[in-house]
Amino acid sequence: MFTGIITAVGKISHVQPLEKGLRLTVEAPGLKLGDVALGDSIAHGGVCLTVIAKKKNSYQVDVSRETLDCTVGLDAAGGEVNLEKAMRLSDFIGGHLVSGHVDGVGEVEKFERVGESHELVINAPKNLAKYIARKGSIVVDGVSLTTNRVGGKGGRRFSINLIPHTVEVTTLKRLHPGARVNLEIDLIARYVERMLSAGAA
């Protein structure tokens, strides 16, 4: 589990093809790796991956073909990713409960400065629209955010206000219209729907 509070931005320094997937080397000098053991989980742009090798300021993870097919941002050397180590039960939850399992890929419609902040508008996949609520939580490339407005055809468009700190310390600063982003809906919404649909069966 994660909280969606980014602790460092890493860079994919090397991509090694596997039979079905990729092995990534991630340079992460800003992430404290001293307490990271082999087998631990780290979220990369919202995607939970397992550490299989580690050096002082870098580590390796394997990405399956299934994960590559349903996410963005994990297949190119030089790409930057938002990083967060898995939370402990005693940790402070500054964002919201995040699983690290991407539900879909959205497309940025607008990313503009508004005063000291930025307005980010994203079009979500049709199947995720029902889970996105005004003033609700959503994860964008691993970052826990709160929606301001929800609308558009089918309720697929949502807007977010990004404060200067969030823009400064994450990869969201590099977004632009047409960019694709990993989305994870709120865990509570997912389980509520499951309970309702199971009860109606």
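View 1. Of the 18 residues that line the second largest pocket, Ile 5, Val 143, Ser 144, Leu 145 and Thr 166 are the closest to its centre. Strand E10 (143-151), strand E11 (157-162) and helix H2 (164-169) each give two or more residues to this lining, and E10 provides the largest share, five residues; helices (H or I, at least four residues) and strands (E, at least two) are DSSP runs numbered from the N terminus.

**View 2. The largest pocket holds about 400 Å³ of space.** Among its 19 lining residues, Gly 73, Glu 80, Asp 141, Thr 171 and Arg 180 lie nearest the centre, while strand E6 (80-85) and strand E12 (180-184) each supply at least two residues of the lining.

**View 3. Leu 196 belongs to helix H3 (residues 187-200).** Leu 196 has a relative accessible area of 61% and is therefore exposed, a term that means over 50% relative accessible area with a 1.4 Å probe and protein chains only.

**Notes.** Residues are numbered from 1 along each chain as its sequence is written. Because the model is predicted, local features need pLDDT of at least 70 and side-chain atom pairs count only at pLDDT 80 or more, whereas totals for chains, interfaces and linings use all residues, and side-chain values use heavy atoms, with hydrogens and water left out.

Terms used
1 Å grid on protein atoms, 1.4 Å probe; cavity = no way out; pocket = protein on both sides within 12 Å on 5 of 7 lines; lining within 4 Å. Points joined across faces, edges and corners; volume = space filled by probe spheres on them. Buried < 20%, exposed > 50% of the residue type's maximum accessible area, 1.4 Å probe, protein only.
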